[in-house]
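Me: I am new to this structure and would like a close look at one part, the place where the two chains meet. Please take me through that contact carefully, and then through the salt bridges that go with it.

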Number of protein chains: 2
Amino acid sequence: MVPESKPKYKVIGTRPIRPDGIDKVTGRAQYGADIHLQGALQGRMKRSPHAHAIIKKIDASKALALDGVKAVVTAQDLAGQDGDVSKLPYAAQNILAGRKVLYRGHAIAAVAAINDHIAQEAVNLIEVAYEVLPHILDVRESMRPDAPVLHDALRTRGPNPSDAPTNIVAHTVAAFGDIEKGFAECDVVVENDFSTKMVHQGYIEPQASTAYWAPDGQLTIWTTTQGSFPARETCSQLLNHPISKIKVIPTEIGGGFGGKISVYLEPVAALLSRKTRKPVSIRMDRVDVFEGTGPTPGTSIKAKLGATKDGRFRAAYADMAYENGAFPGSAAMYATMVITAGYDIEHVKLEGFDVVVNKPRTQDYRAPSAPAAAFAMEQLVDELSEKLGIDPLRLRLMNASKEGTRGPMGMPFKRIGHEECIQAALNSPHYNTPLEGSNRGRGVASGFWFNVGLRSSVNVSVQPDGTVNLIEGNTDIGGTRASLAMQLAETLGVAFEDVKPAVVDTDAVGVNDVTAGSRVTFASGMAVHEAGKNLIKELTARLAPTWQASPEDIIFEDGVFKTRDGGKSGAFKEIAAQVVGRGIALTVSGSVNAGFLAGGGFAHAIVDVEVDPETGKVTILRYTAIQDAGTAVHPAYVEGQMQGGAVQGIGWALNEEYYYDDNGRMANSSFLDYRLPTSLDVPMIDTIIVEVPNPLHPFGVRGVGEPGIVPPLAAIANAVCRATGVRQTQLPMSPRRVLETTLGIG
Amino acid sequence: MVPESKPKYKVIGTRPIRPDGIDKVTGRAQYGADIHLQGALQGRMKRSPHAHAIIKKIDASKALALDGVKAVVTAQDLAGQDGDVSKLPYAAQNILAGRKVLYRGHAIAAVAAINDHIAQEAVNLIEVAYEVLPHILDVRESMRPDAPVLHDALRTRGPNPSDAPTNIVAHTVAAFGDIEKGFAECDVVVENDFSTKMVHQGYIEPQASTAYWAPDGQLTIWTTTQGSFPARETCSQLLNHPISKIKVIPTEIGGGFGGKISVYLEPVAALLSRKTRKPVSIRMDRVDVFEGTGPTPGTSIKAKLGATKDGRFRAAYADMAYENGAFPGSAAMYATMVITAGYDIEHVKLEGFDVVVNKPRTQDYRAPSAPAAAFAMEQLVDELSEKLGIDPLRLRLMNASKEGTRGPMGMPFKRIGHEECIQAALNSPHYNTPLEGSNRGRGVASGFWFNVGLRSSVNVSVQPDGTVNLIEGNTDIGGTRASLAMQLAETLGVAFEDVKPAVVDTDAVGVNDVTAGSRVTFASGMAVHEAGKNLIKELTARLAPTWQASPEDIIFEDGVFKTRDGGKSGAFKEIAAQVVGRGIALTVSGSVNAGFLAGGGFAHAIVDVEVDPETGKVTILRYTAIQDAGTAVHPAYVEGQMQGGAVQGIGWALNEEYYYDDNGRMANSSFLDYRLPTSLDVPMIDTIIVEVPNPLHPFGVRGVGEPGIVPPLAAIANAVCRATGVRQTQLPMSPRRVLETTLGIG
């Protein structure tokens with residue numbers, strides 16, 4: 001089924017109450033820290049005070065002598081006789097540092113004790129002898145040959161491999177057309193250097209994990225995670241323990257945004273449990289979260305964009321250096337996939353540099369790598385618009401990618417909604433209302449994220465009353481219990497209330513990849529649709545003998561089974577109850593591998609700001625988020641995703657940053673000093689949902705979690721520039737920076 | 001697949017360690033009382049002190065005024081505006097008495113308070129005004145027209161319906177041949193009157209349930225139960241709440257034996273939770289269990305058996321009155337199905353009387369109704385053996401039912417193992433060792449139980465390493481996680497360790513009937529086998545393109561997939577890992593309705609006793625249990641079932657009884673006074689497993705949980721008779737009774 005124009009749906013597009021809502025608003029939902037097993041020990045991590053140092057010696061004897069302390073583990077235990085961390089050496093080193101610590105907050109050891117107070121005391125009693133090394137925090141400096149090297153064995157992947165130790169993980173080049181020729185054809189070329197700081201996803205719930213390693217080797221892990229199956233896989237590899245001996249029970253999750261894909265505490269709790277034969281819970285505090293998990297990279301981007309005088313983009317270039325933190329990643333590679341994807345540009349050359357620095361290992365954060373890339377490119381587009389005297393939205397519309405345009409990895413786009421988003425922005429009440437008043441400016445920006453598919457698997461069981469249970473394996477972060485149940489209800493032609501979703505553990509459903517990449521409503525939705533079709537087929541086969549018809553003579557339309565001759569008919573629920581009521585249970589599966597690329601989503605932002613000329617403080621006056629949802633399964637959740645992305649983008653643009661002192665220590669590792677926007681800081685975010693059905697999905701769904709965070713950084717910078725006349729090339733646009741740049745002293 | 005001779009199995013017949021063993025022996029397994037939800041209230045039941053009374057008034061005002069008391073519920077709440085108990089009026093009245101209390105311990109009201117102490121105090125503050133009525137405890141007296149009537153509306157079902165109120169629930173008649181003619185043809189006829197007392201299953205774990213009725217109507221129940229799906233169904237009907245709004249999470253279960261099929265606390269906890277908006281836990285103490293749950297009926301059986309002088313049984317008659325307790329049941333009907341099923345007797349007339357009395361509503365207890373019936377019939381067989389001078393085992397062998405003999409409900413038996421069991425007894429070391437010493441006697445007896453099939457449904461998921469998860473819906477009482485995993489391993493040709501079983505809640509798997517009737521290893525085993533076959537078919541289909549073969553060209557044999565030409569092959573685990581590793585999850589289901597009758601199982605007992613002539617105490621010297629397991633999936637569990645049945649039968653025979661005072665109050669409602677046998681009271685029970693494969697099951701399995709409790713009552717009575725010369729017609733054969741009967745003063 002490939003919907004081009006949106007079909008009439010009965011359930012999709014409505015706004016039912018989420019099945020997990022009551023538990024969550026009444027405090028009954030169990031999050032990571034709510035797991036209290038009888039006799040459980042409490043774990044604590046010992047973390048590095050240094051940004052870069054050799055560990056000379058770890059002496060845990062005083063800690064172990066403390067009354068109530070039951071065990072201490074270090075990297076030795078992880079890589080010990082049972083462990084075989086060769087498959088994931090960097091992941092292992094990040095979880096418990098071996099020879100070196102590579103960032104402030106890097107975990108070195110863990111303690112299990114009878115309570116948290118004793119565990120904390122014991123952590124302080126662990127004596128670590130360090131040889132402190134010079135550290136490197138800046139991504140460009142880290143690329144220099146004379147920079148302190150983090151990993152002796154690291155060599156650059158890419159077209160120019162080097163034999164010398166380096167901090168450059170990979171040099172990715174994506175080139176199309178002839179970049180020299182392209183710029184030569186341009187009438188106007190703009191370029192600039194941009195930089196953004198490391199920021200954190202800022203999920204409200206800190207990481208918390210509990211593990212129990214039973215004497216028969218059965219390991220059970222309760223954890224707040226974006227992926228119970230990937231967590232099982234990683235723990236299996238790190239602990240060299242078969243996945244069939246590991247059960248991961250996902251708790252509810254208080255936000256992740258990419259930051260709860262990796263494991264941190266799970267294998268450590270498991271090791272402590274194996275040593276102590278008791279369950280062990282480890283809970284991070286906020287400092288642990290800031291210093292010991294995976295924020296998103298700071299960046300340095302040199303970008304250049306050229307157009308002919310009639311406004312056609314001809315050539316684009318970018319040199320993008322992305323912090324990987326202490327261990328190799330692929331953030332810059334992602335950046336090459338997205339920075340120019342919104343536009344049809346013949347000549348493009350994109351270079352990405354993934355670079356290690358002495359900061360926490362970076363991780364995904366909503367549309368990973370795209371916001372910083374858009375911060376650069378969308379400001380260049382804005383500058384072109386000013387220079388060419390073309391309305392910034394119309395300039396984007398003229399150049400927007402559409403079906404057939406070259407997209408990420410050189411693959412042509414299928415049907416996408418960039419033009420429609422820009423058109424919606426042009427038509428919006430916001431854009432058609434003049435902004436009045438001094439020190440005010442309006443900015444716009446586009447954003448793109450490619451979205452992923454991957455593997456999903458669900459089971460559907462029919463109950464004796466004809467209702468169905470939907471059994472899923474993906475943690476529900478953004479309302480996917482509801483969005484999947486709605487797709488099943490649509491497939492079966494039943495009411496939303498007749499589908500009861502449940503998220504189960506890794507033993508109770510087939511393999512599911514992470515709840516990330518905006519994939520669950522998309523890919524698990526495909527699995528749900530497949531399961532629904534399978535169920536209809538099974539019911540048809542079981543109905544046939546009763547109706548004295550062949551299965552081929554029975555059709556299913558609009559939720560009703562009927563014989564082709566119209567002689568017999570019955571609605572799904574009635575037929576399902578009859579068939580199951582005859583005493584046969586009925587469970588079917590739907591499993592898909594929805595591939596890597598999932599069709600791509602576009603977002604747009606219009607933002608009005610006022611800049612206080614005395615303090616430099618930027619106030620968001622009005623914000624409209626526009627986004628192509630393909631098909632909005634549950635419009636209220638789509639709006640929530642758009643608003644959440646906008647607000648996180650506002651925080652990133654204006655206030656958030658990892659602020660380091662000279663010793664490489666984060667100086668603001670609390671929510672008092674690391675300033676997330678509060679409800680007082682932002683206006684109501686207006687939303688406009690665009691629906692250009694995704695041809696890859698039976699209901700036209702596109703992932704919606706990510707594109708919304710891409711435009712705000714650039715849109716706000718463009719607005720500040722229109723308000724002040726000064727272009728903002730560095731984030732955050734804190735009052736001090738805005739004041740200094742507008743006063744010309746920055 | 002219909003195995004007649006036992007095939008070679010690789011996994012079936014081995015004795016692996018049970019997957020739930022570690023958790024159970026280390027105390028980590030969660031039983032009913034281990035559910036502690038945050039903010040949960042504690043519930044307590046108010047119970048009747050009278051055996052029969054009209055409830056004039058319930059005044060809960062003082063209870064509700066007590067600090068910490070949050071709610072009180074009565075039958076009003078159960079049958080209130082939301083409830084519609086018309087479908088299950090007796091069940092509802094048993095859970096909370098309405099107009100009348102019908103037995104001592106009958107629940108009248110329930111309290112929820114912030115802790116158990118306050119709840120207990122509040123229960124005492126509930127004031128109930130009673131009009132005490134005459135009560136009736138004896139089953140034969142209750143059948144008399146002048147007996148106090150329990151239910152005004154009750155009329156007898158059966159061939160002689162009456163218009164007058166009665167305590168006779170049903171009169172069941174099963175007649176074959178010509179009973180008059182049959183007895184006329186006999187050379188020897190024996191007859192006697194027998195009676196047995198009400199006994200309790202004596203499971204170690206008292207009932208305990210927790211319910212949370214969320215504001216959106218979603219009701220979650222955690223409970224120790226033999227059937228999470230039937231519990232859901234019953235609660236749905238009692239509470240008039242859709243099953244799709246109810247999730248039952250079964251905890252581990254500390255014994256049930258039939259006593260944990262019915263719900264008692266679940267709907268009450270649900271009502272209290274709905275009133276208080278908090279989770280409510282109710283836990284029974286032992287007095288509650290004895291007085292407020294479902295023991296098994298006391299009986300009065302008049303039986304008569306005749307044979308020709310060469311030892312052929314020609315005619316049998318029985319008049320069997322079974323206590324139903326306070327509410328109608330069908331125990332006597334069951335008795336008509338089993339009492340003569342072990343023998344090929346042409347002329348049979350069996351009458352069953354189900355009778356209400358002022359005692360707790362009776363429930364199943366291992367092979368329900370059969371032990372008391374065998375207590376009568378197998379003593380008559382013993383008496384015939386003495387009179388005819390034929391060895392008691394040989395007499396049974398001459399008359400034993402075999403394939404084709406008329407069985408329960410007049411249906412001819414398929415292949416059964418009664419003859420083989422008797423032959424095994426004849427060949428046993430025990431029977432071939434003479435019993436020496438004075439005051440000693442050896443008794444034998446046969447036992448039969450029909451076993452049931454019913455509905456089972458399982459899911460099987462393949463993991464990326466080629467291991468499989470087996471997802472079940474039946475609480476594991478006797479080791480069924482293992483016995484089902486073994487059958488799946490056998491089907492797939494993999495090791496037991498490569499199958500990981502899990503018992504899940506009612507939302508996560510298809511419908512499963514009770515864990516009872518010895519059905520799970522049998523019927524869920526069939527579902528497992530079907531799921532395994534489905535999985536092989538699915539894997540074959542997915543393997544075919546890779547092997548460039550058609551699915552028809554791929555065969556699966558001995559755990560190996562191979563092309564017919566032998567060109568390609570791979571073991572299950574390897575192929576499964578490959579197929580799933582390519583990124584598609586794979587879950588399949590197996591669902592069966594295995595019907596009501598499941599083939600039938602026979603057991604035999606040989607028991608040596610010594611009777612102390614001074615005290616009347618009966619000591620069990622030696623006991624051999626023989627049983628046809630069809631195919632013993634896990635022989636150690638089969639032996640455990642046989643030994644457990646024997647020990648419970650010994651307790652029933654010698655010590656256990658509900659002992660009532662003149663006011664209809666149970667006088668021994670504690671384990672100090674209600675004497676279960678301890679390990680000091682019984683010798684090691686020897687076991688002989690007979691394996692006559694059940695043609696109804698792909699692996700020849702028969703349920704094994706029940707037949708073992710059928711023979712011991714009669715076998716011990718026969719042994720005591722041989723030791724003392726006095727036939728024991730009443731249970732329990734306590735020291736006092738044995739002494740009095742042997743002294744002729746009983």
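Reply: The contact, taken as heavy atoms within 4.5 Å, involves 51 residues from chain B and 51 residues from chain A. This is a predicted model, in which local features need pLDDT of at least 70 and side-chain atom pairs count only at pLDDT 80 or more, while totals for chains, interfaces and linings use all residues. Residues are numbered from 1 along each chain as its sequence is written, chains are lettered from A and ligands numbered from 1 in the order in which they are written, and side-chain values use heavy atoms, with hydrogens and water left out.

The size of an interface is often given as the accessible area lost when the parts come together. Here chain B and chain A bury about 3800 Å² between them, with 51% of it on carbon and sulfur atoms; buried area is the accessible area (1.4 Å probe) that two parts lose on being put together, summed over both. On the side of chain B, the residues that lose the most area to chain A are B:R28, B:K500 and B:D507, which together account for 17% of what that side buries.

Polar contacts also join the chains, with 18 residue pairs counted between chain B and chain A, both residues at pLDDT 80 or more. A polar contact is a pair of N or O atoms within 3.5 Å, where within protein one must be able to donate a hydrogen and the other to accept it, and where residues adjacent in sequence count only if both atoms are side-chain atoms. Several elements of chain B each supply at least two residues to the side that touches chain A, among them α1 (21-25), α8 (228-239) and β19 (499-503), and β23(B) gives the most, with seven residues. Helices (H or I, at least four residues) and strands (E, at least two) are DSSP runs, numbered from the N terminus. The residues on this side of chain B divide into 23 nonpolar, 17 polar and eleven charged, where Ala, Val, Leu, Ile, Met, Phe, Trp, Tyr, Cys and Pro count as nonpolar, Asp, Glu, Lys and Arg as charged, and the others, Gly among them, as polar.

Across the interface of chain B and chain A there are two salt bridges, a salt bridge being a side-chain nitrogen of Lys or Arg within 4 Å of a carboxyl oxygen of Asp or Glu. The side chains of A:D507 and B:K500 meet in a salt bridge, at 3.1 Å from N to O.

The same surface serves both copies, since 100% of the contact residues of chain B recur in chain A.

Over all chains the count comes to 90 salt bridges. One of them joins A:D608 to A:R442, with the closest N and O atoms 2.7 Å apart; A:D608 lies in strand β24 (residues 601-611) and A:R442 in strand β16 (residues 440-449) of chain A, so the pair ties together parts that are 166 residues apart in sequence. Both A:D608 and A:R442 are buried, which means under 20% relative accessible area, with exposed over 50% and partly exposed in between (1.4 Å probe, protein chains only).
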